[in-house]
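Work through the exercises below with the sequence and the model at hand. Each task is followed by a solution in steps.

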Amino acid sequence: MSSILIVEDEVSLTSVLRRGFEAEGLRVDVAHDGQEGLRLALTDVYDAIILDVMLPGLDGHRVCRTVRAAGLWTPILMLTARDSEYDEAEGLDTGADDYLTKPFSYLVLQARLRALLRRGVATRPAVVEAGDLVLEPGTKRCTRAGAEIPLTAKEFDLLAVLARRPGVAVSKGALLEEVWDLPADSDPNVVEVHVSALRRKLQGPFGDSAQPLLHTARGIGYRLVPQPAATP
Ligand code: CA
């Protein structure tokens, strides 16, 4: 039997959802505020979590980020009343797997939850390590020598493609395809702009003395040359 956690402060909505999902044979726990939701998410075992963004106490983004930071990869479906691209990006950046804007139909929620339950946690991408650089695809968190480096989603994806092939020159065309889903012969300017931003950010906290990580492979593209992680 699959079990799910619903974290939502609208009591009438949670009781409708609970009845619906229990009728489908799921075990359902409900929390009506962020703290209680976080406590249950960290202490009980669920196959999926439905998490509202607007919650008393801790908001849904904070709950999601804390669950991920604890190393838990339970699939999370975020609910929000606000309908904007920014919120969706923020939700996915905090480590949510899917996102549904209120008001939604029960059938749509049911279908999305089923998809998450089918997918499970098995496909959670592994942490990428290249020298002193650590990338966590679930939360899009990046650290260099232990220092957190805030990256946009695209900067993160670009760096992750290079970090998965340390020392290998990756063409701008391949980066356009992998990171931007564009044809390889598209204008490479977007890649160049993101690489310069990444260079600044990766170097930033370490000053000029640190070895640069991103090297230009003339006529090809870029390669990441990892610097050894300091031994503790
Ligand atoms: Ca709410």
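**Exercise 1. A loop residue**

Leaving aside its neighbours within four places in sequence, with which residues is Val 45 in contact?

Solution. The model is predicted. Start with the position: Val 45 sits in the loop that connects α2 (34–43) with β3 (48–52). Next, list its contacts, with neighbours within four places in sequence left aside: these are Ser 3 and Arg 27. Then check the separation from Ser 2, which is 43 residues away along the chain: the C-alpha atoms of Ser 2 and Val 45 are 10.0 Å apart. Last, take the accessibility. Val 45 has a relative accessible area of 63%, and the cut-off for exposed is over 50%, so Val 45 counts as exposed.

**Exercise 2. The calcium site**

Identify the residues that coordinate the calcium ion, and state the accessibility of Glu 8 and Asp 9.

Solution. Step one is to find the donors: Glu 8 (OE), Asp 9 (OD), Asp 52 (OD) and Met 54 (O) coordinate the ion at 2.0 to 3.1 Å. Step two is to write their spacing along the chain, which is E-D-x42-D-x1-M. Step three is to look at accessibility. Glu 8 has a relative accessible area of 0% and is buried, whereas Asp 9, at 32%, is partly exposed.

**Exercise 3. Strand β1**

How many of the five residues of strand β1 (residues 3–7) are buried, and which residues lie on each side?

Solution. Count first: five of the five residues are buried. Then sort them by face. Ser 3, Leu 5 and Val 7 are on one side, Ile 4 and Ile 6 are on the other, and both faces are covered. Finally, find the pairing: β1 runs parallel to strand β2 (residues 27–31), with five bridges between them. Within β2, Val 30 is the bridge partner of Ile 6.

**Exercise 4. The nonpolar cores**

Which members of the largest nonpolar core touch the most other members?

Solution. The core has 27 residues, and those with the most contacts to other members are Leu 135, Cys 142, Leu 158, Leu 159, Leu 162, Leu 175 and Leu 214. Two or more residues each come from β6 (128–130), β7 (133–136), α6 (153–163), α7 (172–180), α8 (189–203) and β12 (221–224). The most come from α6, which gives seven. Apart from this core lies another, of 19 residues, including Leu 38, Tyr 46, Ile 49 and Val 67.

**Exercise 5. An open sheet**

What is the strand order in the open sheet of three strands with antiparallel pairing?

Solution. The order is β10-β12-β11. β10 (170–171) and β11 (214–217) each have a single partner strand, so they are the edges and one side of each lacks a neighbour in the sheet. The antiparallel strands β11 and β12 are joined by four bridges, and Thr 216 is opposite Tyr 222 in β12.

Note on methods. Residues are numbered from 1 along each chain as its sequence is written. This is a predicted model: local features need pLDDT of at least 70, side-chain atom pairs count only at pLDDT 80 or more; totals for chains, interfaces and linings use all residues. Side-chain values use heavy atoms; hydrogens and water are left out. Donors are N, O and S atoms within 2.8 Å of the metal (3.2 Å for Na, K and Ca); water is not among the atoms, so sites may look incomplete. Buried means under 20% relative accessible area, exposed over 50%, partly exposed in between (1.4 Å probe, protein chains only). A nonpolar core is a set of buried Ala, Val, Leu, Ile, Met, Phe, Trp, Tyr and Cys residues joined through side-chain atoms within 4.5 Å. Two strands pair if DSSP finds at least two bridges between them. Contact means heavy atoms within 4.5 Å.
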